[in-house]
Amino acid sequence: MPDSRHLAGAVTALAAAFVLHHIIKAKNHRYKRVRPAEERVLILGASSGLGRRLAKQYVARGAKVCAVARRSEALAGLTHECGDRCLPFVADFTEAADMEKLRRCLLQQWDGLDTMHVCAGVSAVQPVMALAGVDSGVEDPDAAGVQLAAEIAGRATQGNFFGPLIAAMTFIPMMKRTSTSPAILLVSSVAAVVPAPTRALYAATKAASLLLYQSLAIEHPEIAFTCILPATIEGNFRSSAVDVDPSQKIDETNKKGLKLEYVASRCADAVDQGLRGNVVIPWFPYAIAHHLYYIWPSIIEKQARKKYDFNA
């Protein structure tokens, strides 16, 4: 077990690296190449929450915004609020055919795309064994229960991995051809790098898309890939849960999380500044917790159980 001197040294080194990293990044202001009032912005998952707030922010500064969601009524309300600078498009980002139609639309309307925000996704809120109908870690699940758990995991994978994969593959070539400074932002989660009980499916699928986009950043250096890893954001996290019976879902709006306006501003600012890599919000304590897990996993596990009131 590391002593306090090692931990203090590790924390100090991480803080210094963080400051130096952002000083270097601050020199690469993207808005010098793509003027905000001329920016062509695609937001996947714009019907509510962070995506909706981002759409409003971009429209307010004069950008052209294409707001994409599965629910037409929600998009109609957004379009009414934002006016003719908001182009609504009903589509499911997990469907390749829908994304191809969207690409054709953007080429026809705007001759290309500068910025893509991937905000869509799903949540999961059950312990892993509970997915198979097992309440304790002692009882053996039957085959039907394990199969059900696998199907639920498939739904989480569809929304949190296949959707970002399909979106990236559909738009990367076009963005490289049509923008002087293409940028893609993935809304991930701090759960993708800091493990938590009752969030295993959510964390695993968010981690998968996070690593996907980090690898895409290496394969396509012409595009600035930014991954936002926020802690819990205000809103109803359970509303998109794939592991809860729809008839049992209730409105549990979280008003204590990060404010939508703040996170949306951090997303837009990160793209404007040309930031690459991960942006953890808030940096303390979660970025520290991520690295501390490699040094002292038991303390992170203990704190996670405490935070989620989880009794193993």
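Biologist: How are α5 and α6 oriented to each other: roughly parallel or roughly antiparallel?

Modeller: This is a predicted model, in which local features need pLDDT of at least 70 and side-chain atom pairs count only at pLDDT 80 or more, while totals for chains, interfaces and linings use all residues. Residues are numbered from 1 along each chain as its sequence is written, and side-chain values use heavy atoms, with hydrogens and water left out. Helix α5 (residues 143-178) and helix α6 (residues 200-219) pack at an angle of about 15°, their axes 8 Å apart, where axes are lines fitted to C-alpha atoms, for helices over the stretch in contact, and angles run from 0 to 180 degrees between N-to-C directions. Because angles under 35 degrees count as roughly parallel and those over 145 as roughly antiparallel, α5 and α6 are roughly parallel.

Biologist: In what order do the seven strands form the open sheet?

Modeller: Helices (H or I, at least four residues) and strands (E, at least two) are DSSP runs, numbered from the N terminus, and two strands pair if DSSP finds at least two bridges between them. The edge strands, each pairing on one side only, are β3 (86-90) and β7 (277-281). The pairing is parallel, and the order is β3-β2-β1-β4-β5-β6-β7.

Biologist: Which residue of β7 is the bridge partner of threonine 226?

Modeller: Strand β6 covers residues 224-230, and five bridges join it in parallel to β7. In β7, the bridge partner of threonine 226 is glycine 277.

Biologist: At about what angle does helix α4 run to β3?

Modeller: Helix α4 takes in residues 96-110. It lies across β1 (40-44), β2 (64-69) and β3, and its angle to β3 is about 155°.

Biologist: How many residues has the largest nonpolar core?

Modeller: A nonpolar core is a set of buried Ala, Val, Leu, Ile, Met, Phe, Trp, Tyr and Cys residues joined through side-chain atoms within 4.5 Å, and buried means under 20% relative accessible area, exposed over 50% and partly exposed in between (1.4 Å probe, protein chains only). Leu42, Leu44, Leu102, Met116, Phe171 and Tyr213 have the most contacts inside the largest core. Leaving aside neighbours within four places in sequence, leucine 102 is in contact (heavy atoms within 4.5 Å) with partners including Cys66, Val68 and Phe89. The number of residues in this core is 79.

Biologist: What is the relative accessible area of alanine 76?

Modeller: Alanine 76 has its place in helix α3 (residues 72-82). Alanine 76 is partly exposed, and its relative accessible area is 48%.

Note on methods. Parallel < 35°, antiparallel > 145°, perpendicular 65-115°, else oblique.
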